[in-house]
Amino acid sequence: MRGVKRKRNVLNIKPKLEILQKLDNGESATTDAEDVLNERNAISHSVALQSVETLLDYMGQRGFDYGDITAVRKICVDIRQEMSKEQKQRRTADFLSNKC
């Protein structure tokens, strides 16, 4: 096992400070730390959508069953809806932060 480097998850200063402030206030910060670390490892919606669309192309070329293709198309719709929902939330948060 020599020569194998283990990947370490390290929080940046801002998330560390936020977590420490929550701990000082008596709140639990375990899920916050996990969320920050998972956020870096998450696949973006656009990458997921591109992968699913590539799968659809492949399925169409190989003559997959219509029901299977329909199920994969539903995944595309779900990803697009999630992207739209997050975009609206970001716009609302940006709007409110600029108003205050």
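**Figure 1. Glu-82 and its salt bridge with Lys-85 in helix α4.** Glu-82 is partly exposed at 27% relative accessibility (buried: under 20% relative accessible area; exposed: over 50%; partly exposed: in between; 1.4 Å probe, protein chains only). The structure is a predicted model, in which local features require pLDDT of at least 70 and side-chain atom pairs count only at pLDDT 80 or more, while totals for chains, interfaces and linings use all residues. Residues are numbered from 1 along each chain as its sequence is written, and side-chain values use heavy atoms, without hydrogens or water. Glu-82 forms a salt bridge with Lys-85, with the closest N and O atoms 3.5 Å apart (salt bridge: a side-chain nitrogen of Lys or Arg within 4 Å of a carboxyl oxygen of Asp or Glu). Both residues belong to helix α4 and are three residues apart, about one turn of the helix (helices are DSSP runs of H or I with at least four residues, and strands are runs of E with at least two, numbered from the N terminus). Lys-85 is partly exposed as well, at 43% relative accessibility.

Figure 2. With a relative accessible area of 23%, His-45 counts as partly exposed. Apart from neighbours within four places in sequence, His-45 is in contact with Ile-79, Glu-82, Met-83 and Glu-86 (contact: heavy atoms within 4.5 Å).

**Figure 3. Salt bridge between Glu-53 and Arg-80.** Side chains of opposite charge can pair when their charged atoms come close. The search of the whole structure finds three salt bridges. In one of them, the side chains of Glu-53 and Arg-80 meet at 2.5 Å, N to O. Because Glu-53 lies in helix α3 and Arg-80 in helix α4, this pair ties together parts that are 27 residues apart in sequence. Glu-53 is partly exposed at 31% relative accessibility, and Arg-80 is partly exposed with a relative accessible area of 42%.

**Figure 4. Salt bridge between Asp-78 and Lys-74.** The closest N and O atoms of Asp-78 and Lys-74 are 2.6 Å apart. The two residues are four residues apart in helix α4, which means that about one helical turn separates them. Asp-78 is partly exposed, with a relative accessible area of 33%; Lys-74 is likewise partly exposed, with 48%.

**Figure 5. Aromatic pair of Tyr-58 and Phe-64 and the nonpolar patch around it.** A pair of aromatic rings is described by the distance of the centres and the angle of the planes. One aromatic pair is found in the whole structure (rings of Phe, Tyr and Trp, the last by its six-membered ring, pair if their centres lie within 6.5 Å; planes under 30 degrees apart count as stacked, over 60 as edge-to-face and the rest as tilted). The ring centres of Tyr-58 and Phe-64 are 6.1 Å apart and the planes stand at 55°, so the pair is tilted. Tyr-58 is partly exposed, with a relative accessible area of 41%. Phe-64 is located in the loop between α3 and α4 (66-99) and is partly exposed at 37%. Together with Leu-55, these two residues form a nonpolar surface patch with about 270 Å² of accessible area (Shrake-Rupley method with a 1.4 Å probe; for residues, only the protein chains shown count as cover). Patches are made of residues with over 30% relative accessible area and no salt bridge; like charges are joined within 9 Å, and nonpolar side chains (Val, Leu, Ile, Met, Phe, Trp, Tyr) within 5 Å.

**Figure 6. Thr-70 in helix α4.** Thr-70 is partly exposed at 34% relative accessibility. The C-alpha atoms of Thr-70 and Leu-56 are separated by 9.3 Å, and the two residues are 14 residues apart along the chain.

**Figure 7. Overall context of the close-up views.** The protein has four helices and zero strands. Of its 100 residues, 12% count as buried. Among contacts with a separation of 6 or more, 49% join residues 24 or more positions apart. The protein exposes about 8,800 Å², of which carbon and sulfur atoms supply 52%. The mean pLDDT is 75, with 61% of residues at 70 or more (pLDDT: the predictor's confidence in each residue, from 0 to 100). Confidence is lowest in helix α2 (residues 30-41), at a mean of 56, and highest in α3, at 88.
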